[in-house]
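The following note sets out several points on the model under review. It is arranged as numbered paragraphs.

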Amino acid sequence: MFQRRARLIIAVLIVVSLTFAILDLRGGKGPFATFRSVIGTALGGVERGGATIFSPVLAIGDWWGTWGDQRDQINALQAENQALNQLVRRSAEDRARADALDGLLKVAGAGRYRITPAEVIAVGPEQEFSWTVTIDIGTQDGIERDMSVINADGLVGRVSAVHRTTSTVVLIVDPSMSVGARIAGSEEVGILSGTGDQNSLEFQMLDPLANVDVGTALVTFGSKNGKPYAPGIPIGEVTEVRGTAGQLTRVAAIKPFARMSALSIVGVVVRPPRTDPRDSVLPARPQLTTPDLSATPSPSATPNPTQSANPAATSLGIWSNPSPQPSPKAS
Amino acid sequence: MWLRQVIILVITFLIAFLTQNSFLGRLGLPGSTPDLILISVIAVALAYGSAVGMMYGFAAGILVDLAPSTEGVIGVNALLFMAAAYFVGRALDPRDRTVPLIIGLTAGTVGAVILARGVIDSILGQPTVVWGNMAGLILSAAIYAAFLAPLVVMPVGWFAQKFTPEVAV
């Protein structure tokens with residue numbers, strides 16, 4: 001089959017291969033160390049060149065080889081991310097709720113109201129033309145009809161119907177609502193009516209000659225036994241006065257402090273303070289004419305009624321700090 | 001003629017060597033690394049016949065054994081490649097070389113060489129043979145060889161016919 005020469009060459013090559021194998025198997029450095037290093041250097045250089053050439057292609061290969069792993073990893077990370085996002089959202093929500101409760105407690109403490117906190121669980125449909133919400137406490141929590149409902153910012157409404165575990169609250173923006181209100185820092189009273197517009201209530205002053213400034217705050221006047229309204233709850237501030245002094249009807253537009261469209265944590269005043277807290281619940285704000293009613297009353301201040309109520313108030317238990325905390329910055 | 005044939009063989013080896021060590025080996029394919037050099041030996045044996053194939057196989061085997069990143073006994077690959085070239089050159093009649101036949105022959109030869117290498121290494125006392133993996137290795141190598149065979153055998157045969165028609169089979 002083979003030519004003679006080819007046969008000879010092949011025989012020699014086989015013998016050479018076997019010899020190499022046997023020599024190499026003898027171990028040690030052997031006669032091939034130099035040979036190996038020379039060839040290794042040459043082919044190593046070739047391999048390095050090849051590596052440079054093929055590296056871009058191999059990047060694709062790496063991608064292909066690890067594709068499944070990466071997909072699993074992506075799935076796992078996505079799931080983890082989702083869980084963490086949920087956690088973050090929930091913690092933000094928790095913080096907001098805690099803040100709302102905190103503010104509510106401050107208001108309650110400042111006004112000596114005994115409150116039961118509640119959460120708004122349903123909002124009445126707007127097309128019914130009534131502004132009502134449902135809260136998650138009822139008779140079994142000691143809620144009764146006509147109790148005032150507040151939140152951290154001010155008056156929200158009053159309880160209109162009580163069930164076992166829920167109650168219905170009519171908001172002060174409801175057109176059927178009327179609240180006796182007093183202008184902070186004065187004795188001027190009037191009747192505040194809902195208009196259905198959550199940013200503008202109508203305040204009709206009993207004394208048409210009274211002087212009302214834009215930005216003045218309103219607090220509740222208070223009813224007998226604190227029902228339907230406990231005294232001293234901040235309601236809102238005057239944004240506009242219509243009609244001049246002396247006119248038969250003098251009406252001021254009031255913007256409520258509490259945002260009716262964003263209610264979540266509210267408190268039901270289950271026991272009003274024994275004495276009217278006057279203006280001490282109002283948040284301290286520069287344009288307010290209300291004197292600071294803290295422990296150091298200015299000469300023009302009305303006597304602080306809460307001070308006399310302190311011993312009784314502390315026994316009610318919901319607050320421990322007897323003095324209201326208006327900011328020292330208030331003038 | 002001689003020179004052109006040698007040049008073709010050297011280029012074939014370099015391409016096969018480079019592609020196998022720098023590309024196919026680093027792909028991280030499951031099972032064995034596609035044995036492109038062995039496939040090139042088969043291609044040369046088919047293009048030039050058993051005798052030239054065996055000489056090429058000897059040179060390729062010695063170089064593979066000496067090259068970095070292989071730690072086998074020098075000469076074993078040379079012997080195996082020569083055996084493969086002999087077998088392939090004799091097995092296929094030049095007149096009925098169809099693609100399926102070439103693919104089957106290449107895959108079978110590659111698998112057989114891997115098995116033989118395992119046997120020889122075991123006999124020579126090389127501790128690196130893991131017999132548990134042998135079936136997977138042979139199977140994967142045969143599959144890769146089946147894919148690569150037409151890509152290597154056809155171009156090598158074409159170049160042999162084109163540049164050295166006197167000696168091409």
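**Helix packing between the chains**

1. In this predicted model, H1(A) and H3(B) are roughly parallel to each other, because their axes cross at roughly 25° and angles under 35 degrees count as roughly parallel. The two axes, of helix H1 (residues 4-25) of chain A and helix H3 (residues 50-66) of chain B, come within 10 Å. The crossing of H1(A) with H3(B) is left-handed.

2. The contact involves Ala6(A), Ile9(A), Ile10(A), Leu13(A) and Ser17(A) from H1(A). On the side of H3(B), they meet Ala51(B), Met54(B), Met55(B) and Phe58(B). Sorted by class, this contact of H1(A) with H3(B) comprises eight nonpolar residues, one polar residue and no charged residues.

3. H1 of chain A is also among the partners of helix H4 (residues 76-91) of chain B: the buried residues of H4(B) pack against H1 of chain A as well as H2 (36-48), H3 and H5 (99-123) of chain B. Those buried residues include Leu79(B), Leu80(B), Phe81(B), Met82(B) and Val88(B), together with Asn77(B) and Gly89(B). H4(B) has 16 residues and spans 22 Å from its first C-alpha to its last, close to the 22 Å expected at 1.5 Å a residue.

4. For the two chains as a whole, 28 residues of chain A are in contact with 25 residues of chain B. On the side of chain A that touches chain B, H1 and helix H2 (33-65) of chain A each supply at least two residues. H2(A) gives the most to that side, with 15 residues. By class, the side of chain A that touches chain B has 19 nonpolar, six polar and three charged residues.

Technical notes
Residues numbered from 1 in each chain as written. Chains lettered and ligands numbered in written order. Predicted model: local features only at pLDDT ≥ 70, side-chain atom pairs only at ≥ 80, totals over all residues. Axes fitted to C-alpha atoms, helices over the stretch in contact; angles between N-to-C directions. Helix = DSSP H or I, 4+ residues; strand = E, 2+ residues; numbered from the N terminus. Parallel < 35°, antiparallel > 145°, perpendicular 65-115°, else oblique. Left-handed = near helix turned anticlockwise from the far one by under 90°. Contact = placed C-beta atoms within 7 Å. Nonpolar A, V, L, I, M, F, W, Y, C, P; charged D, E, K, R; others polar. Expected span 1.5 Å × (residues − 1). Buried ≥ 20, exposed ≤ 12 C-beta atoms within 10 Å, placed from the backbone.
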